[in-house]
Amino acid sequence: MATHEAALRTHDAAHARAAEGSGVLAWLTTVDHKRIGILYGSTAFAFLLIGGLEALLIRTQLLRPHMGVVSAQTYNALFTMHGTTMIFLAVMPLNAAFFNYIVPLMIGARDVAFPRLNALSYWIFLAGALFLNASFLVGTPPDAGWFGYANLTTRPFSPGPNVDFWLLSLQVLGASSVIAAVNFIVTILNMRAPGMTLMRMPLFVWMTLVTQFLIVLAFPSVTVGLIFLMFDRFLGTHFYDVAAGGDLHLWQHLFWIFGHPEVYILILPAFGIVSEVLPTFSRKPLFGAPVVIYSGVLIGFFGFGVWSHHMFAVGMGPVADAAFSIATMLIAVPTGVKIFNWLATMWGGRIRPTVAFHYAAGLVALFTIGGLSGVMHASPPVDLQQHDSYFVVAHMHYVLIGGSLIGIFAGLYYWWPKMTGRMLDERLGRLQFWLVVLGFNVAFFPQHFLGALGMPRRIYTYGVGSGWELWNLVSSVGAYVLGIGVLLFVLIAARSLRSGPRAPADPWDARTLEWRTSSPPPVHDFDAIPPVYGRDSFWREKYGDARGRKPAPRPETPDPHGIHLPSPSFWPVVIALGIGTAAVGALLHTALVVIGAGITVVGAFAFALQHHRDPAHVVQIGNLGVDHRKLAMWVFLGSECFFFGTLIATYIAYKGRSVVGPLPHEILNIPLTTLSTFDLLMSSLLMVLALAAVQRDDRAQSRLWLAGTALFGLIFLGFQAYEFTHFVHEGLTLQSNLFGSTFFVLTGFHGGHVTLGVLWLLALLVLDLRGRLAVSDSIKVEVAALYWHFVDIVWIVIFTLVYLLP
Amino acid sequence: MTEPLQATQHEHASIGTYVRVAVILCIVTALEFTVIYIRRLTPILLPLLLVLSAGKFALVVMFYMHLRYDAKPLTFFFVSALLLASGIALALMTLTGDFLVFKR
């Protein structure tokens, strides 16, 4: 138990954060991972219901031939919004709810590494979600499909603001996801309780970690694809303009480089949940847990090498088809390993068939069906037959409902008592489970038959005598039953919150650390950091190892600095408001974009200053021996590698494809650019000198070198401004040809990064001049320096590949 | 597996090393600029420029970004991401570019 002194500090900390209260303002400014988890969960569930309603409208339209419930145009909007909503606004944030609420508890931490960034992720997510759905209010919902293939999404084919709503909201949602992912990677790697080595981490934490890496590395490619689309639509560039030499396959590649890892982003958390639920209710450890971990990592890794199996129909050629086919079949191996490990976990266990167990076992069965039809798509000849048919719709829903959503329900029934302090009704829960599972199978299994009978996806009606009438009727009836099942959960949850029995700390006799604290947990999660005795630490503490040998009790670890919880912040809401305003401005007026950008920049500075004055944690060095902020920057730079890699690859892929001039060799000024390259390289030298000066507390030198670095950065920007102006005078603009589009976007984004770096350096310089940059703050300069040097190495690559190579 | 809880101090390079790296970066940049004008090097220009560029890239990452001296997991994260990004970028160029490696 904690000492008396520690208990007092605990009490103070609890009061400090409890002072947040429970009013609207308290929720707007909260940085508590549990509250943010609840915000994610409740918002995402609301969008699950909205997406479900859209699905029921789709199924009603297809109930019988020639139904006229909605128009063809509305039908297009419904399937576009249904897909986008379910993926980005329902399943991803429902998973995020568990990441937020459960992961810190599972690893014995008091909060995430960056609590305010965590709040920022949620509010940006909400801004993107509301912006997307605002399209309904103005009567122009997106209608080009959830994967928005170019050139259907370009201005000539989608002239209205429908696609603008879609692409802008996806950019905003992507920013939210990447910020959250960096946060959770640092949290998991750096904030584990003493003794919790990586291989002792619960499976849900492992799958969360793999998922966050997938988000960080996969989102940049679709971000770049959306940037190209945005530039094509708003500024007249030619990325997806075939007449100007553009290649429509580029969008498909960029989308699916993200899109296939996205499938694992959606499913791996569910695998993690099942890997917690099955051992608890089988009263056995997870069979072959290390193999399940390695399988999850392998799935994540292979997930990056299979994207083109979504594109077998475009004609990539036999070699590419064969490579992606083999990679896709390979990914079934680690997935199959997991299935067998779950079965072996249940085998011989003393099973308690709770609703959570029902759902977990249901996932094993239903996901297997979706997985098997996925292996069928790995074969290009088979895929060509099934492509764009209802067979694919069936497969996708067996993976995303049979896998993800069923897994999420398992997690809801399992962790609800921990999150709310109330039990759910198990009897009604069983009824709800059977309604969902029966409704789901009746709705989607017949769609395999419809696909085999040749029914294409996305058609808004069909004729009598097509042979599709019976299975469409059955499918629609199943969808209604599924809808009733989901609604029943709302009733069960409401009853639980109103009058459910109180939940004890450990209602399931479970195995992991989150059950070691009260239900719901106190504001500071644990009075003292819990001891870790191995994998399934709490179980070992209660019952010992397989032979019943209990470990020698270890004392809990009181925090040497007391319990420090960061104060609430309204800056995350302000920044999200700025981003939302800028997005609205993109559709209405440039002035609003400027205002939104201004609010965002001011908010970001205030946010950073708040962190400077009131750090989230007293000690920022974690398990890896690295500062949280430095680790976060390195993870972010990994994401930036993908961002710039994609931009550079596009420049090279499009090189020589412009149908009109000016061309690179006619216009690029290599001597001038060599000078600007020298300048940027020297700025890196000044940056390391600045860092060294801050570290040895040499104020005069640190100010000199910080100012020098910023000045060299400004000189580089001056070179770039001169170059751009000169090119425009020579007739090369964003719109003139494919070279202009790719060149200006690539170098422009690099220039944008330099500009951000200069602003960052100037902010540090101001802090230094005001005497607020001590030796202990050198990590802040080091993090800025890492960003600056990265911008430098990106330029080294651009200089060679864009300017020097003939 | 033992993992440290306290701050691990990593030695960084000396000022002299930073300056030497800067000098090498300048020399290599000057070399890059020069070789593109030497006609006899045209056949090997592509690999030559790529090697020189990779060398500069590595010097900045190792010395200025301190990966040579810092915790090994940081190198693992960055190099893994860099390799994966490079592989995907190469595949993207191959699959959409004019210089198709594979016949369609």
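N151(A) is found in the loop between α5 (115-137) and α6 of chain A, where helices (H or I, at least four residues) and strands (E, at least two) are DSSP runs numbered from the N terminus. The peptide bond that leads from A150(A) into N151(A) is cis, with omega near 5 degrees. This is a predicted model, in which local features need pLDDT of at least 70 and side-chain atom pairs count only at pLDDT 80 or more, while totals for chains, interfaces and linings use all residues. Residues are numbered from 1 along each chain as its sequence is written, and chains are lettered from A and ligands numbered from 1 in the order in which they are written.

A cis peptide bond also joins S519(A) to P520(A), with omega near -10 degrees. P520(A) lies in the loop between α15 (469-499) and α16 (537-543) of chain A.

Two arginines in loops of chain A call for attention to their backbone angles. R283(A), in the loop between α8 and α9 (289-302), has a positive phi of about 50 degrees although it is not a glycine. R283(A) has 14 C-beta neighbours inside 10 Å and therefore counts as partly exposed. The classes rest on C-beta atoms placed from the backbone: a residue is buried if 20 or more other C-beta atoms lie within 10 Å of its own, exposed if 12 or fewer, and partly exposed in between. R458(A) is found in the loop between α14 (426-452) and α15, and its phi is near 70 degrees, a positive value in a residue other than glycine. With 13 other C-beta atoms within 10 Å, R458(A) is partly exposed.

The helix pairs come next. Two packed helices are described by the angle between their axes and the distance between the axes. Axes are lines fitted to C-alpha atoms, for helices over the stretch in contact, and angles run from 0 to 180 degrees between N-to-C directions.

| Helix pair | Angle | Axis separation |
|---|---|---|
| α6(A) and α19(A) | about 130 degrees | 9 Å |
| α11(A) and α14(A) | about 20 degrees | 9 Å |

Helix α11(A) is thus roughly parallel to α14(A), whereas α6(A) and α19(A) are oblique to each other. Angles under 35 degrees count as roughly parallel, over 145 as roughly antiparallel, 65 to 115 as roughly perpendicular and the rest as oblique. The crossing of α6(A) and α19(A) is right-handed, and the crossing of α11(A) and α14(A) is right-handed; this term applies if the near helix is turned clockwise from the far one by less than a right angle, and left-handed if anticlockwise.

The contact of α11(A) with α14(A) is made by V355(A), H358(A), Y359(A) and G362(A) on the α11(A) side, and by E426(A), G429(A), R430(A), F433(A) and V437(A) on the α14(A) side. Two residues are in contact if their C-beta atoms, placed from the backbone, lie within 7 Å. By class, this contact has 4 nonpolar, 3 polar and 2 charged residues. Ala, Val, Leu, Ile, Met, Phe, Trp, Tyr, Cys and Pro count as nonpolar, Asp, Glu, Lys and Arg as charged, and the others, Gly among them, as polar.

In the other pair, V178(A), V182(A), I185(A), V186(A), L189(A) and N190(A) of α6(A) meet H628(A), L631(A), A632(A), V635(A), F636(A) and S639(A) of α19(A). That contact has 9 nonpolar, 3 polar and no charged residues.

The contact takes 54 residues from chain A and 48 residues from chain B. On the side of chain A that touches chain B, two or more residues each come from α8 (249-282), α10 (318-346), α19 (628-653), α21 (670-695) and α24 (778-804). Of these, α19(A) gives the most, with 12 residues. The residues on this side of chain A divide into 35 nonpolar, 16 polar and 3 charged.

Along its principal axes, the C-alpha trace of chain A spans about 80 × 75 × 50 Å. Buried residues make up 56% of the 806 residues in chain A.

Chain B has 3 helices and 0 strands, and buried residues make up 29% of its 104 residues.
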